[in-house]
Amino acid sequence: MTLEQLKAQQEALQAARFNGVLTVKAGDKTVTYKSNVEIRA
């Protein structure tokens, strides 16, 4: 995984946390978290 891909994933997670969204898509991957605490971890 490239640095750019990691940064994109981090930005998607941060945006999801701040907006209360539990499903995050980065590239071709989609992940659904159970809570904000799980995203933070």
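The legends below describe several views of a predicted model of one protein chain.

Local features are given where pLDDT is at least 70 and side-chain atom pairs where pLDDT is 80 or more, whereas totals for chains, interfaces and linings use all residues. Residues are numbered from 1 along each chain as its sequence is written, and side-chain values use heavy atoms, without hydrogens and water.

**View 1. Elements of the protein chain, in the order α-β-β-α from the N terminus.** The protein chain contains 2 helices and 2 strands. Helices (H or I, at least four residues) and strands (E, at least two) are DSSP runs, numbered from the N terminus. Along the principal axes, the C-alpha atoms fill a box of roughly 25 × 15 × 15 Å. The chain has 41 residues, of which 15% count as buried; buried means under 20% relative accessible area, exposed over 50%, and partly exposed in between, with a 1.4 Å probe and protein chains only. Accessible areas come from the Shrake-Rupley method with a 1.4 Å probe; for residues, only the protein chains shown count as cover.

**View 2. The hairpin of strand 1 and strand 2.** Strand 1 (residues 23-26) and strand 2 (residues 29-32) run antiparallel and are joined by 4 bridges; two strands pair if DSSP finds at least two bridges between them. Thr-23 stands opposite Thr-32, and Val-24 has Val-31 as its bridge partner. Between the strands lie 2 residues, and Gly-27 in the turn has a positive phi of about 70°.

**View 3. The largest nonpolar core and Tyr-33.** Which residues make up the largest nonpolar core? Its 5 residues are Ala-12, Ala-16, Val-24, Tyr-33 and Ile-39. A nonpolar core is a set of buried Ala, Val, Leu, Ile, Met, Phe, Trp, Tyr and Cys residues joined through side-chain atoms within 4.5 Å. Tyr-33 is located in the loop between strand 2 and helix 2 (36-40). Apart from neighbours within four places in sequence, Tyr-33 is in contact (heavy atoms within 4.5 Å) with Leu-13, Leu-22, Val-24, Glu-38 and Ile-39. The C-alpha atoms of Tyr-33 and Ala-8 are 17 Å apart, with 25 residues separating the pair in sequence.

**View 4. Gln-9 and Gln-10 in helix 1.** Gln-9 counts as partly exposed because its relative accessible area is 25%. Residues up to four places away in sequence aside, Gln-9 touches Met-1, Ala-26 and Lys-29. From Gln-9 to Ala-26, 17 residues apart in sequence, the C-alpha to C-alpha distance is 5.6 Å. Gln-10 is also partly exposed, because its relative accessibility is 47%. The C-alpha atom of Gln-10 is separated by 15 Å from that of Val-37, 27 residues apart along the chain.

**View 5. A nonpolar patch on the surface.** Met-1, Leu-3 and Leu-6 form this patch and together have about 330 Å² of accessible area. Patches are made of residues with over 30% relative accessible area and no salt bridge: like charges are joined within 9 Å, nonpolar side chains (Val, Leu, Ile, Met, Phe, Trp, Tyr) within 5 Å. A salt bridge is a side-chain nitrogen of Lys or Arg within 4 Å of a carboxyl oxygen of Asp or Glu. Leu-6 belongs to helix 1 (residues 3-19) and counts as partly exposed because its relative accessibility is 45%.
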